Amino acid sequence: MTVITKVLIANRGEIACRVITTCHRMGISTVAVFSDSDANARFVKMADQACHLGGSLASESYLRGDKIIEIAKLTGANAIHPGYGFLSENAEFAEQVAAAGIIFIGPTPESIRILGDKISAKRFLTEHAPKVPVIPGYNGDDQSVDTLTKAALGIEFPVLLKASAGGGGKGMRTVYNADNLKSEIEAAKGESLRAFGSEQLLIEKYFTSVRHVEVQIFGDQYGNIYHINERDCSIQRRHQKIVEETPCPEMSEELRYSMTAAALEIGRKLGYVGAGTVEFILDAKSQKFYFLEVNTRLQVEHAITEAISGLDLVELQILVAQGENLRKVPSINQLAFQGHAIECRICAEDPGNDFAPVTGKILKWRQIDFTRQLAGVRYDTGIEDGSEISIYYDSMIAKLIVHAPTRKQAITTMALVLAQTVILGIVTNQKFLLNVMRNPRFQSGVYDTGFIEAEIDNLKPALSDIEESRLAIVGFMFDWAMRNAQRQALRNISSGWKNNSVKKNIQKLIVEECDVLELEYEHHHHGASEPHFVFGFTKGEKKQEANRKAVLNELKLNQAQMQLPGQHLVTGLLVCTIDGLREQYYVADSPSGINDRIMYVHTASYGSQVRVVKQDRLKSTSQEDETDNLSAYTSPMPCRILKILAPTGTKVKKNDPILTVESMKTEVKLISRHDGVVTVKVEEGQMVDARVLLCQVE
């Protein structure tokens, strides 16, 4: 048995932080590797040593197995943990690691080769475990577009196209009819090739009403195989999980026994070593399940299994990798599953724009106040104040895990934790996840993988008029406090004072994507140190509200940020009483022009950040109209131009695709808003920043 003394983590972000935490607890030294974009990331700071790996593209850094092994040798790391994604299910990399005399913390290359590829996994089951039910479909060697098209037509629609070498929803398409079948096959092959280095697809019958349930298995070098219960992963968008829970709400003991037995059978037939996840689809009505795939790595959602079992799965991975016999590890032989656990994945994405990924900077990150003595709350994240969310990697920025005695209590606690977690500066799915927790259908436990599509109108964040005006008041008071704190002259005169008492104080604000809100305000001293205001609101031609009273009770600004030369970012905390209700508001600002100020406001009663823009009074309406005309054909974020579908001179109709871009491992098609002739301004393969004009349709 070789004792692991130093681990190189061949990954990034929250999973790198997660592995480092366990290694340090076990007394094991750690080495981080990082790309250009991750030079100042949290995981780099956490590791004992860190080495630059290469450029920001994964192909230049986290997929460079040769360089990773070279760094392991240089630093004396005698083991490599691949995390998940990147090289974690690459059999060749696992072989190269072993050949270099380094321990690969994961399954054997043979297991990865057989089970990590979906096609070979199905063939293995057909031959060695024929009693395990599989989904009808095509998994042949002939991968020509014509053959795949013919195979799909032979299966009843809808069908699911899946990257054989992949996971995480990449290279996956649901096709409901033959009209766009060929183009979807081509797109799935291309995305699979870029993400996993293989364009091989398999095609399966797509079930419209099923649950996605998986079983965690663990094996060692001595033939011992354990299961650590199941996880339900049915809340998905773009075939990617965003909410997971354990145990499955619709799982009988009889069904659990059958499903876990099938998972163990697969593990035993292969002599599986390490952590693995056997995934199934479940028809809850008929109580029938079908084999989906095996992930030969640690899963993103492993934390909820740890919560109900009390195990540390990363520790078990390390113990198995250094040759421990699991029969001699008390924790896994004395399993007692307790309570219910839920995980929510916070992602930098816009649910209001079909979950399109978003890039930017985290201006403020604050976890829930643990002085509330909430038991069973855990954050897994790689972000901190100032973290950059780039184009190059997955959009997930944090995982929130809650463990409670019952499912109902777990949902209640998760809603509280989501609402009180502060993320300012970037659009996320935080409010969307909060709405999932509050959704009656989710709370009932009776849902399937079509949940988001069916409930989307009830899940998208929406501001009420009362919330809009209240958050506009907070944005105004933050701006007022900033201007007041930065004034150098006439400090003894209140901000907003005028010698013309007839002319009213007016400020225009835009809350999220709502119409311009005009605030008419008066500032009163009342002989007190706390500023008092009275507001009136007008939207369009309609005067909405008058005599809204507000008091700025407490203000904490980051004075160090304000005093730095050229530093515009300021974060802080406001305590305000609005219409008699006192509440805390976390704030951050990002000036955008001479008179513009973009402010981000978070309050627990709403549950996520809200963007408040102080409108530039010098901007003409013609400027705004011109910008609006171009906005649909500009890049929404930094991205790479994958394919030009309608070259310059092409006549297009409304809703025709013009080009395809890729950002954060996600493909997005740019669609024509009207009939016209296309003029393309970019080239295939070109990297562009946000708000770059991509094309025009005239």
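The pLDDT is the predictor's confidence in each residue, on a scale from 0 to 100. The structure described here is a predicted model, and its protein chain has an average pLDDT of 89. A score of at least 70 is reached by 90% of the residues. Residues 620–631 form a stretch in which pLDDT stays under 50. For this stretch the model has six contacts beyond four places in sequence. Where pLDDT is low, the predicted coordinates should not be read in detail.

Helix packing was examined for H14 and H16. Helix H14 spans residues 430–437 and helix H16 spans residues 451–459; their axes come within 10 Å and cross at roughly 105°. Crossing angles of 65 to 115 degrees count as roughly perpendicular, and H14 and H16 are therefore roughly perpendicular to each other. On the H14 side, the contact is made by Phe432, Asn435 and Val436. H16 contributes Phe451, Ile452, Ile456, Asn458 and Leu459. Sorted by class, the contact of H14 with H16 comprises six nonpolar and two polar residues, with no charged residues.

Zero disulfides are found in a search of the whole structure. Cys17 has a relative accessibility of 4% and so counts as buried, the cut-off for this class being under 20%. Cys576 is likewise buried, because its relative accessible area is 0%.

The bond from Phe157 to Pro158 is cis, with omega near 0°. Pro158 lies in the loop between helix H7 (145–153) and strand S7 (159–163). A cis peptide bond also links Thr246 to Pro247, again with omega near 0°. The loop that holds Pro247 runs between strand S12 (240–246) and helix H9 (253–270).

Positive phi values were noted at two non-glycine residues. Arg238, although not a glycine, has a positive phi of about 55°. Its place is in the loop between strand S11 (225–237) and S12. With a relative accessibility of 28%, Arg238 counts as partly exposed. Asn655 is not a glycine either, and has a positive phi of about 75°. This residue is found in the loop between strand S33 (651–652) and strand S34 (657–663). The relative accessible area of Asn655 is 54%, so Asn655 is classed as exposed, a class that requires over 50%.

How values were computed:
Residues are numbered from 1 along each chain as its sequence is written. This is a predicted model: local features need pLDDT of at least 70, side-chain atom pairs count only at pLDDT 80 or more; totals for chains, interfaces and linings use all residues. Side-chain values use heavy atoms; hydrogens and water are left out. Axes are lines fitted to C-alpha atoms, for helices over the stretch in contact, and angles run from 0 to 180 degrees between N-to-C directions. Helices (H or I, at least four residues) and strands (E, at least two) are DSSP runs, numbered from the N terminus. Angles under 35 degrees count as roughly parallel, over 145 as roughly antiparallel, 65 to 115 as roughly perpendicular and the rest as oblique. Contact means heavy atoms within 4.5 Å. Ala, Val, Leu, Ile, Met, Phe, Trp, Tyr, Cys and Pro count as nonpolar, Asp, Glu, Lys and Arg as charged, and the others, Gly among them, as polar. A disulfide is a pair of cysteine sulfur atoms within 2.5 Å. Buried means under 20% relative accessible area, exposed over 50%, partly exposed in between (1.4 Å probe, protein chains only).
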